[in-house]
Amino acid sequence: MKALDILTQLLELVAALAAAPLFLGWVNQCRAWLQNRRAPSIWLPYRGIRKLFHKEAVIAENASALFRVTPYVVFGAMVLAAGIIPSMGTRLPFTVAADAIALVGLLAMARVFQSLAAMDIGTAFGTLGARREMMVGFLAEPALLMVIFVASMISATTALPAITENLADQTLALYPSLAFTAIAFTLVLLAENARIPIDNPATHLELTMIHEAMLLEYSARHLAMMEWAAALKLFNYACIGFALFVPWGVSTGAGNPVALLASIPLLAIKLAVMGAGLALIETLSAKVRVFRAPEFLASAFLFAVLGLLVHVLLGA
Amino acid sequence: MTRIPFDMQLLNLCAALLLLLSFAMLAQRRVVTLVNLLAIQGGLLFAATLLLAWRTGESHLYLSAVLTLSLKVIFLPWILHRLIRRLQVYWDTEPLLNISGTMLVGLLVVVFAFGLAQPISALASTTTRNAIGIAVAVILLSFVTMITRRKAMSQVVGFLSMENGLFFGAMSATYGMPMVVEFGVALDVLVAVFVLGIFFFQIREQFDSLDLHHLESLSERQPLAADSPSDPVQSAPLIKEP
């Protein structure tokens with residue numbers, strides 16, 4: 001049985017690494033279709049990453065070691081996060097070490113490193129992007145924690161696999177608290193992954209950038225790592241969402257290879273639906289001014305806390 | 001975890017959505033949308049009453065459900081929409097607190113309400129006793145809505161939403177008030193909206209605005225100046241009145 005657990009862990013990591021750019025490509029493709037544009041190839045993110053790996057890296061003269069290390073730290077944090085989140089099976093050897101709160105901390109660490117590296121060179125745009133990223137981050141993080149707390153209270157544990165198992169094993173019941181937190185989580189996902197109401201991932205206008213502004217100084221393999229990490233982050237958030245709100249199809253029992261195999265196409269279907277939904281939200285909404293971002297994230301926090309309160313009071 | 005029957009789950013969902021609607025009202029700036037939200041709140045109340053009537057078999061709840069539907073979903077919003085069109089008030093002015101601040105105050109109010117309702121819920125014997133806290137929260141949130149708004153229109157919507165909260169509280173604590181009381185309250189609300197509608201026109205004639213802020217500076221001398229027939233600004237709106 002132990003071997004199967006390790007296999008599950010490896011499968012999840014490989015799947016996350018391989019499927020993250022594909023998921024990003026799918027979202028971009030859906031968005032292009034909805035906006036009546038000709039869609040780029042779904043493989044475009046892979047091609048971009050390969051192209052960047054073949055280029056010669058150029059680094060600013062005054063860059064410190066932090067600037068060089070950051071892409072690897074951010075990428076490593078995202079891979080580790082992908083290992084903790086139960087996207088296919090819940091028997092993961094890694095998850096003994098870290099629960100959902102540690103996961104939020106891991107994501108926060110990646111953010112801090114990215115912001116520090118953006119400020120390291122000392123260009124105006126990098127600093128601007130870093131500051132905005134921190135502003136969005138410090139508002140999104142409590143909302144994300146609240147979302148996780150609601151799920152934790154329902155399952156009486158903060159370990160993500162246990163939460164997923166508990167929610168997946170129950171018969172279908174209406175949870176108003178989970179519905180509220182799902183809305184909150186969607187808002188956090190949009191804000192944290194530089195999606196449209198907060199940031200435009202396809203922008204070329206530096207003044208409105210948040211995430212892209214932090215990457216302006218990176219080139220070649222460093223940029224490739226950062227972009228892959230960004231795709232992984234989106235993939236991870238999608239999988240956190242599945243683990244908390246649509247846990248059906250994840251193989252829960254110990255040593256069940258058939259369930260593990262069955263969970264792969266289910267994950268693909270969930271990701272396809274999620275990507276289309278994400279593209280729809282992005283097409284329907286307009287980018288808000290950066291000063292309105294706190295209001296957007298305050299509503300996410302409000303939804304999450306309402307979910308918590310409703311759970312405390314109604315027990316549902 | 002104990003299994004909750006499906007109709008109770010639906011009732012809980014209604015209660016949670018009522019709470020959510022109160023927050024939506026707190027955040028809403030457009031008066032038209034505010035009235036629409038009030039109508040949706042009435043609709044939810046109607047659904048909750050029907051569910052409870054079906055579950056408990058209390059026939060008088062069906063009657064109050066019909067009363068809710070006709071009065072709170074159809075009639076009052078219709079009157080308010082008419083008033084908005086007549087008075088040409090579509091937006092409320094900037095409230096005393098910004099939206100995020102109001103929301104945080106609202107959250108604290110909800111926590112307070114839940115604490116307040118805990119002993120009451122412990123005493124109640126109905127199956128819906130958990131929802132009392134939500135009803136108290138809705139009432140207090142409507143208070144906050146009334147306090148943070150300046151325009152008379154939004155305050156009236158807050159007042160009506162408070163009545164909805166009271167109704168929901170009575171329903172979840174004791175399966176509704178006696179029919180006589182319910183009819184009396186419904187009539188009261190109806191009359192209140194009529195009176196307030198007339199009142200709006202009077203306020204606007206007097207101050208050329210529905211901003212209740214002006215009422216604060218009312219003193220002994222001002223009415224004399226306003227009553228003087230030589231003041232063209234004051235008498236102008238009178239002519240426009242339909």
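This is a predicted model: local features need pLDDT of at least 70, side-chain atom pairs count only at pLDDT 80 or more; totals for chains, interfaces and linings use all residues.
Chain B contains 9 helices and 0 strands, so its pattern along the sequence reads α-α-α-α-α-α-α-α-α. The chain has 242 residues, of which 34% count as buried. If one takes the contacts in chain B between residues at least 6 apart in sequence, 74% of them join residues at least 24 apart.

One helix pair in chain B can be followed in detail. Two packed helices are described by the angle between their axes and the distance between the axes. For helix 2 (residues 31-56) and helix 6 (residues 152-174) of chain B, the axes come within 10 Å and cross at roughly 10°. Because that angle falls under 35 degrees, helix 2 of chain B is roughly parallel to helix 6 of chain B. On the helix 2 side, the contact is made by B:Val31, B:Leu34, B:Val35, B:Leu38, B:Gln41, B:Gly42, B:Leu45, B:Ala48, B:Thr49 and B:Leu52. Helix 6 of chain B contributes B:Met153, B:Ser154, B:Val157, B:Leu160, B:Ser161, B:Asn164, B:Phe167, B:Phe168 and B:Met171. By type, the residues of this contact divide into 13 nonpolar, 6 polar and no charged.

Elsewhere in chain B, B:Phe112 belongs to helix 4 (residues 99-123). B:Phe112 has 13 other C-beta atoms within 10 Å and is therefore partly exposed. Its C-alpha atom lies 9.4 Å from that of B:Gly133, a residue 21 positions apart from B:Phe112 in sequence.

The next topic is the interface. In it, 15 residues of chain A are in contact with 19 residues of chain B. Helix 11 (residues 293-314) of chain A supplies 10 residues, the largest share of the chain A side. That side is made up of 13 nonpolar residues, 1 polar and 1 charged.

The largest nonpolar core has 153 residues. Those with the most contacts inside this core are A:Phe23, A:Ala143, A:Ala184, A:Val188, A:Ala304 and B:Leu19. Helix 9 (residues 220-245) of chain A gives the most to the core, with 18 residues. Leaving aside residues up to four places away in sequence, A:Ala184 touches A:Ala143, A:Met146, A:Val147, A:Ala300, A:Phe303, A:Ala304 and A:Gly307.

Two alanines of chain A remain to be described. A:Ala194 has a positive phi of about 55° although it is not a glycine. Its place is in the loop between helix 7 (176-192) and helix 8 (211-214) of chain A. A:Ala194 counts as buried because it has 21 C-beta neighbours inside 10 Å. A:Ala220 also has a positive phi without being a glycine, with a value near 50°. This residue lies in helix 9 of chain A. With 16 C-beta neighbours inside 10 Å, A:Ala220 counts as partly exposed.

Methods:
Residues are numbered from 1 along each chain as its sequence is written. Chains are lettered from A and ligands numbered from 1 in the order in which they are written. Two residues are in contact if their C-beta atoms, placed from the backbone, lie within 7 Å. Helices (H or I, at least four residues) and strands (E, at least two) are DSSP runs, numbered from the N terminus. Ala, Val, Leu, Ile, Met, Phe, Trp, Tyr, Cys and Pro count as nonpolar, Asp, Glu, Lys and Arg as charged, and the others, Gly among them, as polar. Axes are lines fitted to C-alpha atoms, for helices over the stretch in contact, and angles run from 0 to 180 degrees between N-to-C directions. Angles under 35 degrees count as roughly parallel, over 145 as roughly antiparallel, 65 to 115 as roughly perpendicular and the rest as oblique. A residue is buried if 20 or more other C-beta atoms lie within 10 Å of its own, exposed if 12 or fewer, and partly exposed in between; C-beta atoms are placed from the backbone. A nonpolar core is a set of buried Ala, Val, Leu, Ile, Met, Phe, Trp, Tyr and Cys residues joined through C-beta atoms within 7 Å.
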